Amino acid sequence: MERQKRVAAIHDISCFGKCSLTVALPMLSAAGLETCCIPTAVLSTHTGGFSGYTYRDLTGDILPVANHWKSLNLQFDAVYTGFLGSEEQTEIIWRVIDEIATEDTLIMVDPVMGDDGVLYPVFSSSFPAAMKKLCNRADVIVPNMTEAFLLLDEPYRHGPYTETEINDILDRLADICPGQIVLTGVHFDENSLGAATLDRKTGKKEFVLRDRVDGFYHGTGDVYAATLLSALMRGFSLHDAAATAADYTVLSIVTTKKMDKDLRYGVNFEQNLPTLMRMLGRNEG
Ligand code: PXL
């Protein structure tokens, strides 16, 4: 009998400005996954470019939700964490994993902390060390270049990078995470952009590069991570999942660019969901 895979997505809800749960829930559902969620906070908008946003902290609810799920004996194929509002939340996620994950559960941590060399202002300077501890528990991490330098506690370096630099960063990320590494924002020149993967099962490092689309589109990291997890859950190799995620993120950006929208509003990932389903091999009707 076929079994539908079940994912627990643990992120904030930004009520406007597509990112975190408002991206993860529809995308993972489109991938055919049963998607459950633990909201870590509710904000009126995300924090990237809007001022005056509301912030309702839900730290106290996270563990009780996990405890209730455990009492119902629910099994999860993946736990996927993204934006976490505080060091305390990163510690609580450890306990959530203890409660709801088994050896067979894939733990994917997107260490959402910053972009373009800057730690998001909502975070204190000690937050990256807490996120680093959580990465130690992950089967897959998906940092961008800014987050990689924060995790490694090193000053940010702008690209273009060399292959040697990227390989070195992958090796050092492997020291803080026992799992698969997907590093985004990698580029060796100004015309391309993509990801580098370190597959711990094969020891292989690979690059996935695509033509760069100009402009800073908010929420693309979340589109990338949700596609990556969807592809992994459907049995893709790490490299193929990273490539599918790059293709779908570029497609969403190109679609958004044609619409001339405020870049803070998030990308139009919705229009191409039927294409995503085909990319993930969901042609069965
Ligand atoms: O897209 C990452 C993200 C998620 N959640 C919140 C954010 C951001 C990035 O700015 O502010 C609340």
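**Entry 1: before starting**

I reminded myself that I am looking at a predicted model.

**Entry 2: aromatic rings**

How many aromatic pairs does a search of the whole structure find? I got nine aromatic pairs.

I picked phenylalanine 16 and phenylalanine 50 to look up. Their ring centres are 6.1 Å apart and their planes stand at 75 degrees, so I wrote this pair down as edge-to-face. Planes over 60 degrees apart get that label. I then checked where the two partners sit in the chain. Phenylalanine 16 belongs to strand S1 (residues 6–16), while phenylalanine 50 is in the loop between strand S2 (34–45) and strand S3 (55–57).

Buried or exposed? I looked at each ring's residue in turn. Phenylalanine 50 has 15% relative accessibility and counts as buried. Phenylalanine 16, at 38%, counts as partly exposed.

Phenylalanine 76 has the charged end of arginine 6 sitting over its ring, 5.9 Å from the ring centre.

**Entry 3: threonine 45**

Threonine 45 is in strand S2. Its relative accessibility is 11%, so I filed threonine 45 as buried. Which residues does threonine 45 touch, not counting those up to four places away in sequence? My list reads Ser14, Cys15, Phe16, Phe50 and Tyr53.

On to helices. I learned that two packed helices are described by the angle between their axes and the distance between the axes.

I took helix H1 (residues 20–30) and helix H7 (residues 220–233). They pack at an angle of about 30 degrees, and their axes are 9 Å apart. That angle makes H1 roughly parallel to H7; the cut-off is under 35 degrees. The crossing of H1 and H7 is right-handed. On the H1 side, the contact is made by Ser20, Val23, Ala24, Met27 and Leu28. On the H7 side I listed Asp222, Val223, Ala226, Thr227, Leu229 and Ser230.

I then zoomed in on alanine 226, which is in helix H7. It is buried, with a relative accessible area of 0%. Leaving out residues up to four places away in sequence, alanine 226 touches Ala24, Met27, Leu28 and Tyr80.

**Entry 4: H3 and its partners**

Helix H3 (residues 87–100) packs with helix H4 (residues 127–135) at about 10 degrees, with axes 8 Å apart. That makes H3 roughly parallel to H4. Residues making this contact include Trp94 and Ile97 of H3, and Phe127 and Met131 of H4.

Among the residues meeting here are Ile62, Leu63 and Trp69 in H2, and Ile92, Ile93 and Val96 in H3.

Proline 160 is in the loop between helix H5 (145–151) and helix H6 (163–176). I also checked proline 160 against alanine 226: they are 66 residues apart in sequence and 26 Å apart in space, C-alpha to C-alpha.

Then I looked up positive phi values. Serine 20 has one of about 40 degrees, although it is not a glycine. Serine 20 is in helix H1, and it is buried at a relative accessible area of 3%. Aspartate 260 also has a positive phi, near 55 degrees. Aspartate 260 is in the loop between helix H8 (238–257) and helix H9 (273–279). With a relative accessible area of 72%, aspartate 260 is exposed.

Note on methods. Residues numbered from 1 in each chain as written. Predicted model: local features only at pLDDT ≥ 70, side-chain atom pairs only at ≥ 80, totals over all residues. Heavy atoms only, no water. Phe/Tyr/Trp six-rings, centres within 6.5 Å; stacked < 30°, edge-to-face > 60°. Helix = DSSP H or I, 4+ residues; strand = E, 2+ residues; numbered from the N terminus. Buried < 20%, exposed > 50% of the residue type's maximum accessible area, 1.4 Å probe, protein only. Lys NZ or Arg CZ within 6 Å of the ring centre and 35° of its normal. Axes fitted to C-alpha atoms, helices over the stretch in contact; angles between N-to-C directions. Parallel < 35°, antiparallel > 145°, perpendicular 65-115°, else oblique. Left-handed = near helix turned anticlockwise from the far one by under 90°. Contact = heavy atoms within 4.5 Å.
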